[in-house]
Amino acid sequence: MKQIAIYGKGGIGKSTIASNLSAALNEMGQTVMQVGCDPKRDSTRILAGGRFIPAVLEEHREKLRVGKDEYAIDLDRIVYRSPGGIYLVEAGGPEPGVGCAGRGVLTALQILKDLDAFETYGIDVAIYDVLGDVVCGGFSMPIREGFAREIYLVCSGGFMSIYAANNIARAVQRLGLRGDTGLAGIVCNSNGDEALERAVIPAFAQRLGTAFVQFVPRSPVIQAGEMEGRAVVEYAPDSREAEIFRNLARAILANDTRVIPTPIAELAELETMYREHLVKK
Amino acid sequence: MEHGRSRRKTPEPEKCRDPYLRCAFHGAAQTALGVAGSALLAHSPQGCEYLVNNAFAWQACDYMEVITLCTKLCVDEIVHGGEELLERTILEAKDLPISALFVLSACGPEIVGDDIVAVCETLQPELKFRLIPIECAGFRGSQYDGIDIALDAMLKHLVNRSGEKIPNSVCLIAPHANANPTWIADLDWVKGVLAQMGIRVVATLTHRTPLAELEHAASAEASLLLSHDAGQKAADHLSAAHGIEQVCGGIPLPIGMTNTERWLTALGERFDAQKTAESMVVEGERMAMATCRRKWPMARFFYRTPAAIVADATVGIPLVRFVTEDMEMTPDLVALYTSQRSVRDLLERELDDLDLAPTVVYGTDVYRTRQALAETKPKVVFGSTIERHASEGLGVSHVVEVVKMMRQFRMIDREYFGYTGILDLFECVQNEWTMAWRSREKRYEARW
Ligand code: SF4
């Protein structure tokens with residue numbers, strides 16, 4: 001089973017990338033499970049036809065309330081099969097402002113493992129869509145505990161998204177040294193400034209020692225699909241955008257390389273790199 | 001770089017840096033459990049609650065009178081927050097026959113953001129007893145910091161605005177912040193002295209203190225701090241908020257002849273009881289010397305022996321003079337568990353006054369103590385069981401176990417303060433001296 005995690009700055013479009021990737025892989029005949037690791041539990045909304053599915057931690061809590069443990073959870077109540085046949089899971093988490101979402105994510109992933117979810121459904125590819133930036137140790141848990149082996153960073157040409165990606169690379173560097181996890185590549189989800197993005201993101205990828213995997217343009221087709229609650233390969237199967245996600249899926253399936261990244265240590269260096277490409281553009 | 005090629009090894013922890021003191025949660029529990037007729041609710045996992053049991057023993061609580069509760073947090077409360085469980089637990093305690101419920105938060109709930117203050121404020125109208133939240137997660141500092149945190153919460157939540165001042169009265173602060181395992185005897189000695197001088201104790205912060213005493217603490221005329229490690233902030237607060245002046249501030253606690261004399265004299269002068277103080281000194285010194293004449297302690301064998309003192313500041317600072325003047329040894333090392341400004345100032349004043357220049361380690365841990373012992377090579381250490389092990393192989397002949405931060409069973413409390421306290425310390429030294437002649441090896445040789 002291939003286990004990949006998608007990390008990136010909050011609002012950069014990780015769920016869009018993850019969902020469209022899941023749909024493309026599913027179309028290729030892979031059995032896919034997408035696991036949303038965000039208390040907002042909106043990662044799988046597009047694939048679930050625009051709905052919010054029940055979260056693992058909610059179900060777990062119910063069981064704890066009646067004195068039972070996670071083994072009393074029925075897998076069918078936490079794993080939702082999308083109309084297209086993709087298995088969807090939302091970790092869930094606490095209300096805003098209380099509790100520890102990072103610990104929640106890990107608990108949910110552990111429950112999936114304890115209940116043999118991947119074996120039960122014969123999963124070929126598990127995709128973890130992880131909350132925003134790595135804000136605390138808890139959010140690096142999918143990496144630390146070896147749930148995700150290949151990390152893909154999503155960023156755009158915005159400086160702060162590259163800055164966040166560099167920070168996440170630092171976490172991957174630290175944690176990759178301990179385990180069997182590494183950075184597998186960078187995906188650009190364009191914010192519209194294509195000229196800059198096509199210059200700066202490959203250079204950034206090279207600096208981290210990883211591959212620039214795919215450029216995803218800003219497109220009304222993707223947005224319209226999202227509004228409809230459908231992935232692009234279903235909503236507009238013949239579009240250029242659908243082909244882009246198929247390419248991304250092929251590249252990820254074919255990839256067997258992951259590296260311990262070499263993030264940029266100084267903010268000034270990152271700024272200089274960014275400025276150079278701003279000027280070139 | 002291919003994954004897995006260049007593995008960096010996690011650095012091995014080189015040294016044992018075990019601290020002597022427990023966490024702030026423990027100190028706060030020691031303080032809360034000193035309030036009689038109250039209950040303590042640990043908002044914590046079960047592991048931290050062990051410290052409450054320990055504090056229970058430290059305060060010699062009676063299980064017929066003091067109740068302890070725990071929310072026993074598990075992963076669910078770490079993930080979702082534990083405020084709901086805390087609310088339920090407080091409401092379950094609703095009918096307990098208590099005057100106050102102290103709610104103490106440990107690290108876990110504070111890290112995930114449980115607001116125990118808000119929970120207590122919300123539930124207070126439904127309860128007959130007082131709810132006092134104490135945010136004392138272990139990461140806030142040592143057990144002595146926890147004592148300061150708890151005293152602060154108590155003073156701010158419970159003490160009524162000053163009414164009439166009671167003439168010749170004191171509020172005793174932090175008697176339990178003391179590494180003497182039988183500190184309750186020190187407190188009793190202080191109370192005895194105060195009674196003889198006609199000084200009334202308005203409140204003790206805290207040991208078997210009824211809530212009403214705490215509420216009226218502001219009516220004291222003066223405060224008397226019984227620790228060098230904690231409680232100074234409480235004394236400062238009482239002074240600033242309620243005009244209560246601190247007495248015997250800035251002088252070492254009454255351990256040893258000179259310290260006891262100075263302390264009693266300062267107290268007598270403040271409360272116009274000089275005559276009583278003088279006669280206590282005369283009578284106390286006469287009793288101590290007469291006892292020594294009769295019992296023949298072997299102190300003379302230690303004349304000018306290089307010594308080390310490893311303790312908290314409460315016992316350690318006064319011991320410097322005791323070791324120098326009463327035992328006639330030479331302190332070459334003073335290692336104190338704490339390191340705040342007031343501790344440094346007091347020790348430095350004492351060392352200047354005694355014209356001593358030992359190695360001084362503030363805020364020591366077990367490793368630093370061993371290092372310092374290896375460098376200074378004392379023959380006698382005044383410390384605890386820990387130094388008996390930490391000085392292994394360093395040529396230390398005697399470890400006089402005067403302090404015990406670990407729980408130790410004692411049925412009878414024996415003070416270090418005052419003149420009987422001096423005899424108690426002599427006894428510790430004498431027994432250690434005697435025991436050194438009875439090592440396993442020597443016994444073995446003698447028999448065969
Ligand atoms: S340090 Fe924190 S977790 Fe450890 S015992 Fe103290 S309160 Fe509990």
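This is a predicted model: local features need pLDDT of at least 70, side-chain atom pairs count only at pLDDT 80 or more; totals for chains, interfaces and linings use all residues.

**Stop 1: where the chains meet**

Show chain A and chain B together and pick out the residues that touch: 22 residues of chain A are in contact with 16 residues of chain B. The two chains bury about 1,700 Å² between them, with 55% of that on carbon and sulfur atoms. Now select A:Arg61, A:Leu177 and A:Ile260, which supply 33% of the area that chain A buries against chain B, more than any other three residues.

The interface of chain A and chain B has two salt bridges by the rule used here, and five residue pairs are found in polar contact across it, both partners at pLDDT 80 or more.

Next, colour helix 2 (56–65) and helix 4 (101–114) of chain A, the elements that give two or more residues to the side of chain A that touches chain B. Helix 2 of chain A makes the largest share of that side, four residues. Colour the chain A side by class and you get eight nonpolar, nine polar and five charged residues.

**Stop 2: the sheet of chain A**

Zoom in on strand 1 (residues 2–8) and strand 5 (residues 125–130) of chain A, which run parallel and are joined by five bridges. Select A:Ile6 and look across to strand 5 of chain A: the residue opposite is A:Asp129.

**Stop 3: both ends of a helix**

Still in chain A, go to helix 9 (residues 220–228). At its start, a side-chain oxygen of A:Ser219 comes to within 3.0 Å of the backbone nitrogen of A:Val221. What follows helix 9 of chain A? The next pick is A:Gly229, which has a positive phi near 75°.

**Stop 4: around the ligand**

Bring chain B back and centre on the ligand. The residues around the ligand are B:Cys23, B:Phe25, B:Cys48, B:Leu51, B:Ala106, B:Cys107 and B:Gly138. By class, this shell has six nonpolar residues, one polar and no charged ones.

**Stop 5: a salt bridge along a helix**

Select B:Lys156 and B:Asp152, which form a salt bridge with their closest N and O atoms 2.8 Å apart. The two are four residues apart in helix 7 (residues 143–158) of chain B, so about one helical turn separates them.

**Stop 6**

Most residues other than glycine have a negative phi, and most peptide bonds are trans. Now for the exceptions. B:Ala60 has a positive phi near 45°, and you will find B:Ala60 in the loop between helix 2 (46–58) and strand 2 (67–70) of chain B. Finish at B:Leu205 and B:Thr206, which are joined by a cis peptide bond with omega about 0°. B:Thr206 belongs to the loop between strand 6 (200–205) and helix 9 (211–215) of chain B.

Note on methods
Residues are numbered from 1 along each chain as its sequence is written. Chains are lettered from A and ligands numbered from 1 in the order in which they are written. Side-chain values use heavy atoms; hydrogens and water are left out. Contact means heavy atoms within 4.5 Å. Buried area is the accessible area (1.4 Å probe) that two parts lose on being put together, summed over both. A salt bridge is a side-chain nitrogen of Lys or Arg within 4 Å of a carboxyl oxygen of Asp or Glu. A polar contact is a pair of N or O atoms within 3.5 Å; within protein, one must be able to donate a hydrogen and the other to accept it, and residues adjacent in sequence count only if both atoms are side-chain atoms. Ala, Val, Leu, Ile, Met, Phe, Trp, Tyr, Cys and Pro count as nonpolar, Asp, Glu, Lys and Arg as charged, and the others, Gly among them, as polar. A residue is near a molecule or strand if one of its heavy atoms lies within 4 Å of it. Two strands pair if DSSP finds at least two bridges between them.
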